[in-house]
Amino acid sequence: MRVLFILFAALAAALFMMAAQQPDIRTGIRGGEIPVIAIADMRGSGEAQTHMSVFNRTLFDEIEGSGALKIAPKSMYPLSVPQQPRDFGSRGIAIGDWAKPPVSAHYLAFGYSAVQDGRLVLFGYLFDVRQPDAANAQVVGKLYFGDLNAEGARKVAQEFAADILARFGSKSLAGSKIYFVSDRSGTKEIWSMDYDGQNQQPVTRFGGQTISFMPAISKDNTRLAFTQLSQRNPAILLWSLETGRRLPFVNPQASVNASPDFTPDSKNIVFSSSSGGGFANIFIAGIDGSGLRPLTRVRAVETEPKVNPQTGTEIVMTSGRGGTPQIYRMTIDGADIERLTSGEGDAVNPSWHPGGQLIAFCWTRGFEPGNYNIFTMDVAKREYLQLTHGAGRNENPTWAPDGRHIVFSSTRGGSAQIYSMLADGTQIKKLTGLGRNTMPVWTK
Amino acid sequence: MTKRYATALTLTLALFAVAGCKKKVPAPAIPKPADTKPVTQTAPPPPKPAITFSAEPSTIERGQCATLRWDVANATQVAINPGVGNVAANGTQRVCPTSSTTYTLSATGPGGAETATASLNVAPPPPAPVKDPPKPKLTLSEVLSSQLQDALFDYDKSEVREDARNVLTRNSEALKQIFRDYPDAVVNVEGHCDERGSAEYNLGLGDRRATASKEFLTQLGVAEDKLKTVSFGKERPVCTDANEGCYQRNRRAHFSAGQ
């Protein structure tokens, strides 16, 4: 039995080493065994208790939504739950009970809250329950402070979740933002919201006959670029996220300037332009539009250039040079152009995984024109995975900063709304509901 | 001219008649009534001629023609005047009068004579636009929407189709006239797409549809600097139904007033 276990452990380790070489296309994360965590429902003393249901729900959602940990079902937990480390060994609470079946957890998150100086304080702990001695089991033990209200409880839970997830190499998405396009005010404007759909608010307020869409955020999080239509030709506008004001960007003389993206150093913008006449092709310019240079010259529509965020040396894009729109890759100088998708259907909306090895995109492969589904692809191997399967039109997938989540728009519920999901297509969550919402981009 | 000679001749003859011509002309034999009246009622009297006579259509524009159609029974001689003369008992005749005319059909037969008329109203044609341009009372937008048609495209394509060529050829003539009537006008050639492609790609595709349409028009002599292309991608659809009929209406080059 023991020999078998060692063999199994060795095999698991070997698999882990192999998988750790590069992110798994199925999850967007580096492979390996997913640890199991038990999350005890925590209680608060006095007034703190009134906010603990929000806290417990937020903590659970954060951990579950990360895809980094598997949560042991709560119905299997021992009846006596620890609230602080010294509870182990007393009141019949044994650390080993959490590691044994039926819980079979590797880790236990527990703690309690109280009111201190009118604020909510959480004593949060994470223990490795496989340790025989509770004295050596502590992984996280920290105090978290927040306002004494639901928002404060949510913030405290997010921070505690972030510390837990950090132990497993997963970035918490708490604090990350999603920019998107919404027509709820009557015109298409750029909006922003928290990663979980909270705090939805407008970024632009042009109104009138304008359409503002195709947002992109610089990697340093200081600038927003987007495309605007009015009665005039489509043009690119640049926006400071720090001041909320417009920044200068000189559009080339062209009937179309659209679909901007930043280079990872935030110093250049790549975009689609019909500058010079003819077809909309890929161009690069400085952050203010100076030093314009064409990257492609072809009698076909080319758009959606996306620069590899890791290397900054390659671009994926949508090109119609083969007749129908497909995903292509080229160098940042426009050389070595190669098609990544098979040529079937229409393939559009490429976006890079933060690791720079995978892309997500939309494809009508196997469906009628316009019925896009979300796919991911390992760019080097050309292996792809289909994440959605015909529930409405699914468009504009972009990756979360944690590399595990994808945000996209879908008409699966009738109107176009924004959803997030894990990069394996599970845990789909609806984030918006007012008006029509499209073109999400997820930033730090 | 001929009429004047005829008048002169008539007057001359009249003068002779009044002055008295010495040559006695025998009076024409007047048929006795007994000759034409049946003596006995052995047979019913021959029926009078029955006439059907029409002009189709009854109203034409100057320069156009109409058809006279008739059918006469119980007649031995049928004539239509003016301009046609003796004709058969039934038939058709194309007439192209330059002014409103009332045609008279006279039929004579054993039962007597009958006439019928058919009026053909000739409307004056509209004044020639070049010599007498209509006052630009309509706004440019109204003129464009009433005189120009959308050119339609295939899915994912910006090539000008055969039907779009015909539309654009007609539009080119209308545009030339519009630019004469509205010398300051600039016309937007808008490129649009159906809802199925991506918004990003459609912005480029709409641009191509606008550019291809503009190039076609300028090849037909429409002033290039009067036409401005603009792409709306799939952002301004004319309909939102999810069927090919609506998709086709949205895959278009549309013409609107520019600034």
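First, the ground rules. This is a predicted model, in which local features need pLDDT of at least 70, side-chain atom pairs count only at pLDDT 80 or more, and totals for chains, interfaces and linings use all residues. Residues are numbered from 1 along each chain as its sequence is written, while chains are lettered from A and ligands numbered from 1 in the order in which they are written.

Let's start with the chains. Chain A has 4 helices and 30 strands, and chain B comes to 6 helices and 12 strands. Helices here are DSSP runs of H or I with at least four residues, strands are runs of E with at least two, and both are numbered from the N terminus. Of the 444 residues in chain A, 46% are buried; for chain B it is 28% of 259. Buried means 20 or more other C-beta atoms within 10 Å of the residue's own, exposed means 12 or fewer, and partly exposed is in between, with C-beta atoms placed from the backbone.

Now, a helix: α2 of chain A, residues 52–66. Its 15 residues reach 21 Å from first C-alpha to last, close to the 21 Å expected, where the expected span is 1.5 Å times one less than the number of residues. Which residues of α2(A) are buried? They are Phe55(A), Thr58(A), Leu59(A), Glu62(A), Ile63(A), Gly65(A) and Ser66(A). Their cover includes β1, β3, β4 and α4 of chain A. Just after the helix, Gly67(A) takes a positive phi of about 75°.

Next, a sheet. In chain A, β14-β15-β16-β17 is the order of an open sheet of 4 strands, with antiparallel pairing; two strands pair if DSSP finds at least two bridges between them. β14 and β17 of chain A stand at the edges with a single partner strand each, so one side of each has no neighbour in the sheet. Further in, 6 bridges join β15(A) to β16(A), and Ile269(A) has Ala285(A) as its bridge partner.

Finally, where do the chains meet?

Terms used
Two residues are in contact if their C-beta atoms, placed from the backbone, lie within 7 Å.
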